[in-house]
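Reader: I am new to this structure and would like to understand the words used to describe it. Could we look at it together and go through them one by one?

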Amino acid sequence: MADKKITLSVFTADVGGFVGHTSSHPEVLDVARETLASLGKGRIRDFQVLRCGDDLSLVLTHSMGVDDRGIHGLVWDTFLACREVAEELKLYGSSRGMLDDFTGNVRCLGPGSAEMEFVERTSEPVLIFLANKTSVGAWNFPLYKIFADPFNTAGLISDPAMLAGFTFRVLDLKEGRAIDLSTPEELHVLLALIGSTSRYVVTSVARRTDGEVAAVVSSEKYDVHAGRVGASSEPALIARCQSGFPAVGEVMEAFSFPWLVSGWMRYSHIGPVMPVPFYEANSARFDGPPRVISAGYQLSDARLIGPHDMFDDPSFDETRKTANQAAGYLRRQGPFQPHRLPLEEIQYSSMPIILNKVKERFKKI
Ligand code: F6R
Ligand code: MG
């Protein structure tokens, strides 16, 4: 009999910030735990509740596969319970992250989801990355480093299982189409596309020797603000590690440089991603700078053994320092591009209102 597959799912939602868009309130996290414990009985194998900035994350293991209606339903009900307590506490923006009617998949309604199904190995180390004040293409850079750059990942040239490389699935956000590109052969085409982070997004990575899933990203979600399916603004990333996949330390190494992403204040600015321990995932300066946390787990028959707080490590101090310096440098440029995003990329702009106010005053020259 074939080994049974398990599903590892990460769901994220913004159910209300504390204070403003900085962080999450402990009561909301408690309600998430209580609700999952009661609704998940007999339906999920294990769960944990995490948060990065003002975004709440539910980590679940189960046997139902990806995009399962029942699992998405109980996640939806959990987020609703969280939103209810957020409303009671008058936390900030609690009505903005979710639509009201569940239609079978949380992704269509506001929250983001990253899910993968696999047969658990004898020992299964996984890393979950959660971000705040970033945008969906944010993981393109570290995913390239982890799975295609031998200067980052020594295993690409020394582990026979990785020698053949990895296949990246890239979603074209504009056309709603995806392409599979295999490295090392198609590295240049891959970089040509995914360097345009606002249009091309890596959504998953698979090992070429056997097609095993190595990483998944939450990429699309319903943008309640804009009223359409758009890019998940606080994407989650799951990566499997060791023996045939990049080592834990190789995955972590990709985060040692505070690369620049779109997001930060009003999702309209470019800023460096700062890797922080859980307790420092509070976006305070100019609603940022963008953060990433990493929760490490060993799976044991679908039990989540962890989390280990992976960035709680002084070897990331210099990265944080560089991120602070880059943040200070960029901030001095105020409303000028490229610190502020180009007009087409600003998500919630009051520009139409401003332009409307002055439109009569524009004279043809
Ligand atoms: C949103 C965010 C913030 C807000 C900003 C303005 O998650 O990160 O930067 O965009 O605080 O918020 P409002 O428009 O609610 O006053
Ligand atoms: Mg948020």
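Reader: What makes β16 and β17 a hairpin, and which residue in the turn has a positive phi?

Author: This is a predicted model, in which local features need pLDDT of at least 70 and side-chain atom pairs count only at pLDDT 80 or more, while totals for chains, interfaces and linings use all residues. Residues are numbered from 1 along each chain as its sequence is written, chains are lettered from A and ligands numbered from 1 in the order in which they are written, and side-chain values use heavy atoms, with hydrogens and water left out. β16 and β17 form a hairpin with 2 residues between them, and D301 in the turn has a positive phi of about 50 degrees. The two strands run antiparallel and are joined by 5 bridges, and S300 has R303 in β17 as its bridge partner.

Reader: How do you know that β5 and β15 also pair with β16?

Author: Two strands pair if DSSP finds at least two bridges between them, where strands are DSSP runs of E with at least two residues, helices are runs of H or I with at least four, and both are numbered from the N terminus. β5 (residues 124-132) is joined to β16 by 9 bridges and runs antiparallel to it, with V126 opposite Y297.

Reader: Why is β16 called largely enclosed by the rest of the structure?

Author: Buried means under 20% relative accessible area, exposed means over 50%, and partly exposed lies in between, with a 1.4 Å probe and protein chains only. In β16 (residues 291-300), 8 of the 10 residues are buried, so the strand is described as largely enclosed.

Reader: Are D14 and D55 buried or exposed?

Author: D14 has a relative accessible area of 18% and D55 has 6%, so both count as buried.

Reader: How do you know that F79 is buried, and which residues does F79 touch?

Author: F79, in helix α2, has 0% relative accessibility and therefore counts as buried. Contact means heavy atoms within 4.5 Å, and, not counting residues up to four places away in sequence, F79 touches F11, T12, A13, V15, L56, L58, M98 and P111. The C-alpha atoms of F79 and A32 are separated by 7.2 Å, although these residues are 47 apart along the chain.

Reader: Why is S94 called buried, and where does S94 lie?

Author: S94 lies in the loop between α2 (69-88) and β4 (112-119), and its relative accessible area is 9%, so S94 is buried. Leaving aside neighbours within four places in sequence, S94 is in contact with V15, G16, R83, A86 and E87.
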